[in-house]
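Hi,

Here is the structure I promised to pass on. My notes on it follow below; have a look whenever you get a minute.

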Amino acid sequence: MTTIPSETVIETRHYTDDLFSFRTTRPRSFRFRSGEFAMLGLPKEDGKPLLRAYSIASPNWADDLEFFSIKVPNGPLTSRLAQIKPGDEILLRPKPTGTLVLDALLPGRTLWLVSTGTGIAPFASVARDPETYEQYERVVLTHTCRTQAELQYGIDVVDGIRRDEILSEVVGNRLTHVATVTRETAGPNTLEGRVTDLIRSGELFEATELPAWSPDVDRVMICGSTAMIADTRVLCEAAGLDEGSNSAPGRFVVEKAFVG
Ligand code: A2P
């Protein structure tokens, strides 16, 4: 049996009863493309590893690794992972992979990062990667959650970009964050409704001052709940976008956010 390397937890941050983020050490040999996921977990009582796919939320240039997770009360992994604290060890299998990567898309002008819930994690990586802004003129990060409190992680990531001396220079005003809530009245700088409805009504394009999706210039990455992915996929296809992969780049790419 191959042993899975362990990494040390540096920081944890709890956003709501259901959501938290954590940072760990990063081995020098751990390489990834922004947007990829890795297998992460804890040993079970019998000593065998319990691993799940976790999108890496930190950009590939960062010294440490960041993850954003739900807490499922009786979830075999997340209920325990939610208890970790600085100094604890987690298991992290090297060799990340995934399709939410710039390489899986054909060149374009605007990159749309469409997420719900913890599906924002891979986009926290892509949106903090200077390479993204070399390849795209504009980047739109959409994040739909049930409540305002669930949007906070994404708000912090975007604030972090604006406060970072180097990144803010690279990004300028080319990143637009569209946060939407579905089960509360929208707070400041937040829209109300599912992103899919905002696409259908045109409200998303009005809010970003961009034209509706076109196969010539728009590229879309989708990550979140199964239902959101299915609906957004239909909208992409209706706009003439075709699905891409690492081996055959296209105009949109999809990945399900980890649940459970
Ligand atoms: P809603 O509250 O209208 O169901 P969940 O917590 O169930 O994973 O949902 C996270 C967010 O994704 C919620 O805001 C939810 O909206 C939204 N959502 C769920 N299904 C879809 C869908 N088919 N299209 C767009 N957004 C969706």
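Glu-209 is exposed because its relative accessible area is 73% (exposed means over 50%, buried under 20% and partly exposed in between, with a 1.4 Å probe and protein chains only). You'll find Glu-209 in the loop between helix H7 (203-208) and strand S11 (218-224); helices are DSSP runs of H or I with at least four residues, strands are E runs of at least two, and both are numbered from the N terminus. The phi of Glu-209 is near 55°, a positive value in a residue other than glycine. Most residues other than glycine have a negative phi.

Before the rest, some housekeeping: this is a predicted model, where local features need pLDDT of at least 70, side-chain atom pairs count only at pLDDT 80 or more, and totals for chains, interfaces and linings use all residues. Numbering runs from 1 along each chain as its sequence is written, and side-chain values use heavy atoms, with hydrogens and water left out.

Lys-95 also has a positive phi, near 70°. Lys-95 sits in the loop between strand S6 (89-92) and strand S7 (110-116), and with a relative accessible area of 75% it is exposed.

Leu-100 is in the loop between S6 and S7 too, but Leu-100 counts as buried because its relative accessibility is 0%. Beyond its neighbours within four places in sequence, Leu-100 is in contact (heavy atoms within 4.5 Å) with residues including Ser-34, Pro-122, Phe-123, Met-221 and Val-253.

The space it takes is the largest pocket. On the terms: with a 1 Å grid over the protein atoms alone, a pocket is an open set of points with protein on both sides within 12 Å along at least five of seven lines, whereas in a cavity a 1.4 Å probe fits but cannot get out. Strand S8 (138-145) and helix H8 (226-238) are the elements that give two or more residues to the shell around the ligand, and H8 gives the most, with three residues. Among the residues around the ligand are Thr-116, Cys-145, Arg-194, Met-228 and Asp-231, where a residue counts if one of its heavy atoms lies within 4 Å.

- Arg-146: a polar side-chain atom lies 2.9 Å from an oxygen atom of the ligand.
- Thr-182: a polar side-chain atom lies 2.7 Å from an oxygen atom of the ligand.
- Ala-227: a backbone N or O atom lies 3.2 Å from a nitrogen atom of the ligand.

On its own the ligand has 550 Å² of accessible area, and the protein covers 78% of that (Shrake-Rupley, 1.4 Å probe).

Ser-69 is in strand S5 (residues 65-70) and counts as buried because its relative accessibility is 1%. The side chains of Ser-69 and Tyr-54 are joined by a polar contact of 2.7 Å; that term covers N or O pairs within 3.5 Å, one able to donate a hydrogen and the other to accept it within protein.

Leu-191, in strand S10 (residues 190-192), is partly exposed, with a relative accessible area of 24%. Leu-191 and Ala-179 are twelve residues apart in sequence, and their C-alpha atoms are 6.3 Å apart in space.

Cheers

Technical notes. 1 Å grid on protein atoms, 1.4 Å probe; cavity = no way out; pocket = protein on both sides within 12 Å on 5 of 7 lines; lining within 4 Å. Sits in = over half its atoms within 2 Å of the grid points.
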